[in-house]
Amino acid sequence: MDRLRCRVPLGPLLGCFLLLLGPCRASCPRWSMGNVTEPQYEHIPGLESGLSFMSGIVQSFLGLVQPNPFPKDLIMSIVKNHTFSRKDINEVLQYEAGFLVCVAIGILYLLLMPLVGICFACCRCCGNCGGHMYQEQTKRMDCQRRLLYCFMFLITFIMLAGNVCMFLSSQSTTTTLQQAPDNTFTIMNNVQKYLKSLPEQVQSVENESFFTIDMVKSNLGNISFLLGSMIQRDVKGPLMPALDSVRNMSQVVKNTSDELSSLNVSLVTLQSQLTILQYNLTSVRIRINGTLSNPKCLYCNRYLAALDTMPQNMGFNVPNIYDIQSAVDIAQKADLDSKVKMGEDFINNIPQVVENKTESTVQSAQTKLQDVRKQINKMNVSFSMLDNVFQGFNNAKDFVNKTTPVVKSAEMYSWIVGVILCCLVLLVVICNIMGLLLGPWGLMPNAKPTERSCAANCGGNFLMAGVGFSFIFSWIFMLLVLILFLVGGNSYTMICKPWKSQEIYEIIDQSDLNFSTLLGFKGQLSLQQIYRDCQQNQPLWPTLHLEDAVDLNAYLNISKYADEIWSSFDKTNITIPTITLMTSETAVQLKNITNIIGQLDLQQTDYFSNLSANLTNMADQLQNLSNVQPDSSIKYELAQEAQDLRNIISMANNITSNLIILKHIKAIVSNMNVTVEDVLTKVAAAQIFLNHNLTDLVKRDSRIYVGCQIEIFKIFADWANMTITQQIGRCGPVAEALNSVEVIVCSKFIGSLNGFWFSLGWCTIFLIPSIILSVKLAKFYRRMKYSDFYE
């Protein structure tokens, strides 16, 4: 429950996921809903050891006594008829034949041992059966004594081992009874935790469904943020480059207009400098021509041809930027910034337009979601039957509390009885041991029978005391062995063995006890199959075949509601009114700027570098010519004219440095040309998108958006189906509880009880050879009254 409450903020996060997916998203975001939580069960200590240490031997013995298979048909006949017929009695006797034989042998032992003991005592009093205190001396006497001693030692050791097993079995039985109430409480608490977790797990699925529905409702209510932003982002892709280009064009137009205004003044100054330069160049050329044509000028005629190469007219014109200025001013009046503002407003208003267009559709879809919520509400299974189960467990706990003192008393009494029986058997064993120790220790090899030592005589008396105790207690031992054998042996063969092999579940399935009706389900359930499934920790859905009782698809099939939501959104025409990013008039004006720029000739900027080279060459020739003139006046005129040419060259160089203005105009023109072409290309592409692709984009994004909401339901439906059918109510704890009860009752209690009577019977049976051997061996240690000589 806490986990579900912590996940409520995931609704807005889903919107963020949708925004971050971008226009290239291929699918809706997916997330894990987690698994249902399992309760923590208490551990029952001491059950891992399994069978009692005597269980293997006892079970093998009971297998010999009762080799017949479990009588399922006989028990079913008795259960269905509720009476014992003669045939049933005969079958019971046949099945119990091995037990009856053992009981007959036990009864015979029970009757004969006291009778033989009385007869033996009477005969001894009359001097018979070894009562005559005379022993014949023979040469095989020592060999007989040693042989009897060995057999007596072996029998005593076997009885001592049986007595140890009695002690251990008695202690195991006492421990089992001591732990039984606490273990029973733990088992019942675990089962109660399991039953209590069932409605909680189902409630977690229901809470998850409410969370899913609330998430989708939140997404629908926030459609302007989710769908609107999705469309807005997809529109920005092709539109923003055009708007950025127009914004850049607006700034370029504004900057170009300002720069052209400042450059126009500089061009006027440049034009006046060019006029002066042209005048000076023409004047100097006329004077040079006159000097060279003077007859007094020596060698001058040959330079007249070179004078023809000197330019008469520079042929350089300052470019006219008035047309460009006019076109830029017209473009500036088009107010491109307003176009950018209009485009940005168009993009920013998309979420509000989507919300207005889908208002009625969203309300209808939210109404259908309420219907889905009501439908899933019906899935909540009634667990009223668990109230009776819980009440039964509480009554059982009260019963255990009331019987705990009785169990404690039984534990104490069983311990006392076990200790007493063990001590009685131990008494016989101790008498035998004392006889075996004192007899040989006090026996002299060459001593006469009438002169045997007190130690040897005490050893013989101990052996006879063991015989007496054996006759006194043997019938009590056998009586207890018979009772415990019938109870414990039949409990193992009739309860524990079929419980372990699951045959007892098969009998319950075939009985009149309808397990399905008991649990409130339709159809027939097999307790045996349920137990097997629970051993594998299977969920309740396949274990109890709940698909026959609950149509899960009827609750989790949301295709009908999904189709209705699809249909309502398909009928909704989300139309976003388009805009014109640039009028045809504005486009013509921008194209006009390009055309004017194409007509502008700015290739004359290299003219003055050629002019300076020609004039420098001419000045050098005139200077050289003046050096060879004999006439001083001609010499002076040529030198002066060479100097005038150099002054013109200096003026030309000065003008050349001012021609940076033309280069700046050239850069402006080039930038304008590129910008106009970029604007027209991007605006044309964006306008085509708005006119032809916007509607398809809105439909595509709307389908993606609605598909994501339906996908959320599909994810929930798949998760809920998987959780209900594969996770809820894993019944492993129930099987573990049954196994724990089986271990406590059969492996621990009945196993220990069977081990006790088997050990006691073991010792009781070996009392017979112990009596015979003790009587025979005591004759060799006791002091005789009559002598017998043997050479």
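This is a predicted model: local features need pLDDT of at least 70, side-chain atom pairs count only at pLDDT 80 or more; totals for chains, interfaces and linings use all residues.

Me: What makes α15 roughly antiparallel to α27?

Reply: Helix α15, residues 454–501, and helix α27, residues 767–778, pack at an angle of about 160 degrees, with their axes 9 Å apart. Angles over 145 degrees count as roughly antiparallel, and therefore α15 is described in that way relative to α27. As for the handedness, α15 passes α27 in a left-handed crossing.

Me: Which residues line the largest cavity, and which elements give two or more residues to that lining?

Reply: The lining is made up of Y41, E42, I44, I187, N190, P733, E736, A737 and S740. The elements that contribute two or more of these residues are α7 (141–221) and α26 (732–765), and α26 gives the most, with 4 residues.

Me: How do you know that the largest cavity belongs in the count of cavities of 30 Å³ or more?

Reply: The volume of the largest cavity is about 80 Å³, which is set against a cut-off of 30 Å³ or more, and by this rule the count comes to 3 cavities.

Me: How do the lining residues of the largest cavity divide into nonpolar, polar and charged?

Reply: They divide into 5 nonpolar, 2 polar and 2 charged residues; glutamate counts as charged, and E42 and E736 are among the residues of the lining.

Me: Which residues form one aromatic cluster, and how many aromatic pairs are counted?

Reply: The cluster is formed by F61, F99, F485, W757 and F758. Rings pair if their centres lie within 6.5 Å, and by this rule the count comes to 9 aromatic pairs.

How values were computed
Residues are numbered from 1 along each chain as its sequence is written. Side-chain values use heavy atoms; hydrogens and water are left out. Rings of Phe, Tyr and Trp (its six-membered ring) pair if their centres lie within 6.5 Å; planes under 30 degrees apart count as stacked, over 60 as edge-to-face and the rest as tilted. On a 1 Å grid over the protein atoms alone, a cavity is a set of points where a 1.4 Å probe fits but cannot get out, and a pocket is an open set with protein on both sides within 12 Å along at least five of seven lines; lining residues have an atom within 4 Å of a point. Grid points are joined across faces, edges and corners, and a volume is the space filled by probe spheres set on the points. Axes are lines fitted to C-alpha atoms, for helices over the stretch in contact, and angles run from 0 to 180 degrees between N-to-C directions. Angles under 35 degrees count as roughly parallel, over 145 as roughly antiparallel, 65 to 115 as roughly perpendicular and the rest as oblique. A crossing is left-handed if the near helix is turned anticlockwise from the far one by less than a right angle, and right-handed if clockwise.
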